[in-house]
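Student: Could you take me on a close look at one part of this structure? I would like a single connected walk through it, please.

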Amino acid sequence: MSHSALNSFDDFYQLLADSLAKNSLIKLLLSKYRGADKSLQRITIRPISLQNEPMLSFVYQHQTNHITKNLSYDEGLASIKLLLGSDFKSAHLATAQAEVQLEISKKGKVQISTHNVKQTVAAPLEHDREKKRFVDIERPFLTQLGVTDSQHNLIPAMSRKWKQINKFIEVFSQALEASPHKNDQPINVVDFGSGKGYLTFAIHDYLRHSLHNDAQVTGVELRQALADLCNETAATLDHQGLSFVCGDVRTHAPKQTDVMIALHACDIATDYAIHYGIRANADIIMCSPCCHKQIRPQMHSPELFKPMLQYGVHMGQQAEMVTDSLRALFLEANGYATKVFEFISLEHTNKNKMILAVKKPQNNQKDSAAILAQIADIKAYYGIKEHCLETLLAQTQAD
């Protein structure tokens, strides 16, 4: 249908259906609400992909909270047809080709205006964008935490944090798909060193609103003031199942934990976090180590390497590589499939390495023995007498 030929509500509705069929719909905004719910302000509708199924995401914006509903295309179109005209008197349709504004007067007269969009390249499909953006930028927690403003626009100073949040949730979602955890079972997540709660809120929001999982997420933060602030924010936004406690990885006793997260844990705090995850038999362990002080002074490099390692930065990089490789191998020996990778660009943070471990369905004892032998060889080669994680695991076995 030609955009210039739009004269009625039916024409507008048909254009909406056509844009969905052609994968060109970007967003539909329903406003000027005149229904019975006095707190409802507007509804934002976008096409998304959930578990490879095309859906329409409806975000109902109320004065104090947001509610998300995901419907199939057919259900979504039928719902829009009921909402528009009866409860909402204005609609703004954005497609890859044009922006269309529909206004309905008090007497029921329909007025439609169209603005064509000039493009030098094809617009990316919203389905593709959703695969890269795992967090809806209009989620209220982002505004409350200062990532977006009151109009849900990204605050420029928070652009790096926004990219980090989305990348982390992308990695988290992939790990969840690979884990043995059943999708219909509630997920228990513990996030150590939760800080201001950016990632903790994002994890809870993703699990509750995107996966519709009755998740319980706990942020553990050493600073009482931050834990209190995050609890107040969670209560204000009605994030049920999200809580923050004051403590650290050494004081927080393992409970039912399906996912253990510890980002930027300094030195041996990462070892304590990994040990916690193993003791709790967590399905997923996600760590982003910070510094590597314990191993470095123990290491005695071969004579051949001394010309390279006379430079302090190289010595530090070697200690980091050896420390995190041993951690990954200990996880492998304890029944986890493990990856070590750069999860976000160095331009965003220099603490960019992640150790990701996903529980295997079964642990082969012969494989574990072979990995422990590899660990022993590496320690002997570098003259390492003690590794914190190894000591902690040995104590657990002794108990």
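Tutor: Happy to! Two strands pair if DSSP finds at least two bridges between them; helices (H or I, at least four residues) and strands (E, at least two) are DSSP runs, numbered from the N terminus. This is a predicted model, where local features need pLDDT of at least 70, side-chain atom pairs count only at pLDDT 80 or more, and totals for chains, interfaces and linings use all residues. Residues are numbered from 1 along each chain as its sequence is written, and side-chain values use heavy atoms, leaving out hydrogens and water.

Let's start with the strands. In β10, F244 is the bridge partner of G219. Strand β9 (residues 216-221) and strand β10 (residues 242-246) pair in the parallel sense, over five bridges. Between them the chain runs through helix α7 (residues 224-236), making a right-handed β-α-β crossover (with the strands pointing away from the viewer, the path from the first strand over the helix to the second runs clockwise).

Now to the core. A nonpolar core is a set of buried Ala, Val, Leu, Ile, Met, Phe, Trp, Tyr and Cys residues joined through side-chain atoms within 4.5 Å, and buried means under 20% relative accessible area (1.4 Å probe, protein chains only). The largest one has 41 residues, of which F168, F172, I203, L207 and M286 touch the most other members. Both α7 and β10 are among the elements that each supply at least two residues, while α5 gives the largest share, eight residues. Buried residues of α5 include W162, F168 and F172. Leaving aside neighbours within four places in sequence, M286 is in contact (heavy atoms within 4.5 Å) with residues including F168, V171 and F172.

Terms used. Buried means under 20% relative accessible area, exposed over 50%, partly exposed in between (1.4 Å probe, protein chains only).
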